[in-house]
Amino acid sequence: MVSGMRRLTLLCILLAVSAAKGDSALEWTARGRAHLAAGEAREAYRAFGEAARLGDPEGMNSFGICHWRGWGAPADHAAAARWFELAAEAGSAEGACNFGICLASGRGVFADPELAARWFLRAAEAGYVPAQLNLAKCYLTGSGVDYDPLAAEQWLGIAVYGGAEPDETTRQALARGLEQLPESLRLGVEILEEGRKIYAQGDQEEAFSYFLRAAESGSGRALAT
């Protein structure tokens with residue numbers, strides 16, 4: 001990983017250059033996406049590289065993806081991880097999630113499950129759905145965080161609401177985890193899920209009554225809904 005001082009110095013340089021260049025970094029990112037959509041990997045790689053060097057967080061993340069997948073240049077997971085980290089530090093939720101994947105898998109960097117979970121959390125709280133799904137899996141497996149099926153259920157529900165489609169293995173693991181909970185908490189989860197369905201249908205007042213019942217049953221997750 002890039003050391004803390006070097007990372008901060010490089011970020012300051014990139015952002016200073018970006019400010020001096022105005023919106024050119026965003027323009028390079030847009031060009032890169034257009035090239036990628038047209039199947040022009042080398043041109044996309046060069047465009048994203050310019051955007052990254054000019055300080056655009058999404059350009060940094062896209063440049064990292066190019067390195068990760070070998071688009072426009074030979075695959076280089078270490079280089080990808082460096083750019084994902086810079087993108088994450090600069091505020092890219094997708095970059096934070098991608099850097100978390102590097103840390104969780106040990107590809108391009110030394111494996112660090114706890115740091116991976118923290119980056120997933122940052123991206124999840126920013127609304128990035130894949131990170132919400134990854135964070136739920138962390139809670140289901142106890143990877144980098146304490147095993148917590150209720151936290152997993154909460155983040156999985158948020159991810160599904162955002163359009164995620166968890167695989168069957170994840171759903172089964174969640175079901176097994178929830179079955180191990182005390183009966184009162186299981187009941188709270190069931191009431192909470194019913195409340196979420198009612199909320200999605202537009203009846204907020206009725207949904208709130210379900211959330212309150214879930215909280216009273218002992219499901220503290222209902223209070224965060």
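**Entry 1: contacts along the chain**

Among contacts between residues at least 6 apart in sequence, what percentage join residues at least 24 apart? I looked this up for the protein and found 51%; contact here means heavy atoms within 4.5 Å.

**Entry 2: what I am looking at**

I noted that this is a predicted model, where local features need pLDDT of at least 70, side-chain atom pairs count only at pLDDT 80 or more, and totals for chains, interfaces and linings use all residues. Residues are numbered from 1 along each chain as its sequence is written, and side-chain values use heavy atoms, leaving out hydrogens and water.

I then checked pLDDT, the predictor's confidence in each residue, from 0 to 100. The protein has a mean pLDDT of 83, with 74% of its residues at 70 or more. Over residues 220–225 the pLDDT is below 50, and beyond near neighbours in sequence this stretch has 14 contacts in the model. A reminder to myself: where pLDDT is low, the predicted coordinates should not be read in detail.

**Entry 3: the overall make-up**

I counted 12 helices and zero strands in the protein. Helices (H or I, at least four residues) and strands (E, at least two) are DSSP runs, numbered from the N terminus. Of the 225 residues, 44% count as buried, meaning under 20% relative accessible area with a 1.4 Å probe, protein chains only.

**Entry 4: α6 and α7**

Next I turned to helix α6 (residues 93–105) and helix α7 (residues 113–125), whose axes come within 8 Å and cross at roughly 160°. That crossing makes α6 roughly antiparallel to α7 (angles over 145 degrees count as such). Axes are lines fitted to C-alpha atoms, for helices over the stretch in contact, and angles run from 0 to 180 degrees between N-to-C directions.

Which residues meet here? On the α6 side I found Ala-93, Cys-97, Phe-99 and Ile-101 among them, and on the α7 side the list includes Pro-113, Leu-115, Trp-119 and Phe-120. By class, the contact has 13 nonpolar, one polar and no charged residues. Ala, Val, Leu, Ile, Met, Phe, Trp, Tyr, Cys and Pro count as nonpolar, Asp, Glu, Lys and Arg as charged, and the others, Gly among them, as polar.

**Entry 5: α8 and α9**

At what angle do helix α8 (residues 129–141) and helix α9 (residues 149–161) pack? I read about 160°, with their axes 8 Å apart. That makes α8 roughly antiparallel to α9.

The contact includes Val-129, Gln-132 and Tyr-139 of α8, and Trp-155, Leu-156 and Ile-158 of α9.

Terms used. Parallel < 35°, antiparallel > 145°, perpendicular 65-115°, else oblique. Buried < 20%, exposed > 50% of the residue type's maximum accessible area, 1.4 Å probe, protein only.
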